[in-house]
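Open the model in your viewer and keep the selection tool at hand. The stops below go from one selection to the next.

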Amino acid sequence: VQLVESGGGLVRARGSLKLSCAASGSIFRINDMGWYRQAPGKQRELVAQITSGGSTNYADSVKGRFTISRDNGKNTVDLQMISLKPEDAAVYYCNAFVQVNRKYECEYWGQGTQVTVSS
């Protein structure tokens, strides 16, 4: 199973950016999907998470500015980011809990995509 992110880049503060992640490979079902980020010198942190049923969870720092969504038919998850702040700059990682069969679930990570926010 592979997770491939796209959509990162350079944006000005108060701008918008959309990240996308596509899962491929031997997939029976994808359970929770999410986005994490890691800034230099900091630990990786959860940004947003979405269940297969569409329930969402956000870090307090991004509530009201970021929106996570997924397409179960396409095995994709997106992160729409608006009102970006310099402190949102980080490498963003896609995360997914994938069942390769009825019994076995494994956690997968994307390679990361850089988001840079200029002030």
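Select Cys21 and Cys94 and show their side chains: a disulfide joins the two, with an S to S distance of 2.1 Å. The model is a predicted one, and it holds one disulfide. Cys21 belongs to strand 3 (residues 17–24) and Cys94 to strand 9 (residues 90–99), so the bond ties together parts that lie 73 residues apart in sequence.

Are these two cysteines buried or exposed? Cys21 is buried, at 1% relative accessible area, and Cys94 is buried as well, at 0%.

Now select Cys106. This cysteine takes part in no disulfide, and the nearest cysteine sulfur, that of Cys94, is 14 Å away. Cys106 counts as partly exposed, with a relative accessibility of 23%.

Go back to Cys94 and look across to Trp35, which stands opposite Cys94 in strand 9. Next, select strand 4 (residues 29–38). Strand 4 is mostly covered, with seven of its ten residues buried. Strand 4 and strand 9 run antiparallel and are joined by eight bridges.

Which strand pairs with strand 4 over five bridges? Select strand 5 (residues 45–50): its pairing with strand 4 is antiparallel. Here Gly34 stands opposite Gln49 in strand 5.

End at the turn. Strand 4 and strand 5 form a hairpin, with six residues between them.

Key. Residues are numbered from 1 along each chain as its sequence is written. This is a predicted model: local features need pLDDT of at least 70, side-chain atom pairs count only at pLDDT 80 or more; totals for chains, interfaces and linings use all residues. Side-chain values use heavy atoms; hydrogens and water are left out. A disulfide is a pair of cysteine sulfur atoms within 2.5 Å. Helices (H or I, at least four residues) and strands (E, at least two) are DSSP runs, numbered from the N terminus. Buried means under 20% relative accessible area, exposed over 50%, partly exposed in between (1.4 Å probe, protein chains only). Two strands pair if DSSP finds at least two bridges between them.
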